[in-house]
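Work through the exercises below with the sequence and the model side by side, trying each task before reading its solution.

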Amino acid sequence: MCIICVSPQGAPQPSLAQIEAMFAHNPHGAGYMVARNGKVEIHKGFMSLEDFTRQLHVEAFTPDDSVVYHFRISTQAGITPAMTHPFPLTTRLKTCTQLDLTCPCGVAHNGIIQLTSNPREKTYSDTARFITRYLTRLIRSSDDLHDQPILDMIYLLTNSKFAIMDTTGYVATVGDFIHAGGLLFSNSTFIESPISYTANRKYSSKGKVAFQL
């Protein structure tokens, strides 16, 4: 079912113990997005804890950074770097497969979206399908991330949790999140637990912003 961790600007970053616990419970790949230089940067496809923590060490995030982390459990389209999160808000499925990119808006999801779920689908997840078919019609600009009826509609359509980031670092959340130590978690799998890892990575401004899809 995955987990999302949101570190808003001014909040601490998750601890190593929390990172380890989230990967242990959700071991099918990780990624993150950060607002930087007027863009949302997405880096994903980390299929081992070692690769992910090495990248986070390079980033050296501080409380000044707005960061969304995602750890995946696959429910559709297999265990692949391409279907790890976050995804860009885009109408193009192929763009969802990119591991490193910049975009005006990024999306992380926790749940199963029945509207776009297909057990026979081998390439694209229910999340990627929902973003490209439906979410791009609901979220057209950064103003929409502050529009509660739109966020409520997303929840009604999906019965899922989302974290959606714009270029200013603002993160809109959909669904109930756990607040702990300044961080937001989409479920309780950030709590420490025994760790077992088997996957390895072999692949390597405020105001209205109109999202170019």
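**Exercise 1. Find which residues of helix H1 are buried, and what covers them**.

Solution. Start with helix H1, which runs over residues 16-25 and in which Gln18, Ile19, Ala21, Met22, Phe23 and Ala24 are buried, where buried means under 20% relative accessible area, exposed means over 50% and partly exposed lies in between, with a 1.4 Å probe and protein chains only. Helices (H or I, at least four residues) and strands (E, at least two) are DSSP runs numbered from the N terminus. Next, look at the cover of these buried residues, which includes strand E1 (3-7), strand E2 (30-36), strand E3 (39-46), H2, E4 and strand E11 (183-185). In general, an α-helix has 3.6 residues a turn, so residues three or four places apart point the same way.

Before going on, note that this is a predicted model, in which local features need pLDDT of at least 70 and side-chain atom pairs count only at pLDDT 80 or more, while totals for chains, interfaces and linings use all residues. Residues are numbered from 1 along each chain as its sequence is written, and side-chain values use heavy atoms, with hydrogens and water left out.

**Exercise 2. Describe how the rings of phenylalanine 46 and phenylalanine 52 are arranged, and then those of phenylalanine 52 and phenylalanine 71**.

Solution. First recall the rule: rings of Phe, Tyr and Trp (its six-membered ring) pair if their centres lie within 6.5 Å, and planes under 30 degrees apart count as stacked, over 60 as edge-to-face and the rest as tilted. The structure holds 10 aromatic pairs. In the pair of phenylalanine 46 and phenylalanine 52, the ring centres are 5.6 Å apart and the planes stand at 55°, so this pair is tilted. For phenylalanine 52 and phenylalanine 71, the centres are 5.4 Å apart and the planes stand at 85°, so the pair is edge-to-face. This second pair links distant parts of the chain, since phenylalanine 52 belongs to helix H2 (residues 49-59) and phenylalanine 71 to strand E4 (residues 67-71), 19 residues apart. As for burial, phenylalanine 46 has a relative accessible area of 3% and is buried, phenylalanine 52 is buried at 0%, and phenylalanine 71 is buried as well. Finally, Phe23, Tyr32, Phe46, Phe52, Phe61, Tyr69 and Phe71 form one aromatic cluster.

**Exercise 3. Is arginine 129 buried or exposed, and which residues does it contact?**

Solution. Locate arginine 129 in helix H4 (residues 126-138). Its relative accessibility is 18%, so arginine 129 counts as buried. With neighbours within four places in sequence left aside, arginine 129 is in contact (heavy atoms within 4.5 Å) with Leu93, Thr116, Glu121, Tyr124 and Tyr134.

**Exercise 4. Examine the backbone at asparagine 37, at asparagine 159, and between histidine 85 and proline 86**.

Solution. As background, most residues other than glycine have a negative phi, and most peptide bonds are trans. Asparagine 37, in the loop between E2 and E3, has a positive phi of about 55° although it is not a glycine, and with a relative accessible area of 74% asparagine 37 is exposed. Asparagine 159 has a positive phi of about 50°; it lies in the loop between helix H5 (148-158) and strand E8 (161-166), and at 58% relative accessibility it counts as exposed. Turning to the peptide bond, histidine 85 and proline 86 are joined by a cis bond with omega about 0°, and proline 86 is found in the loop between E4 and E5.
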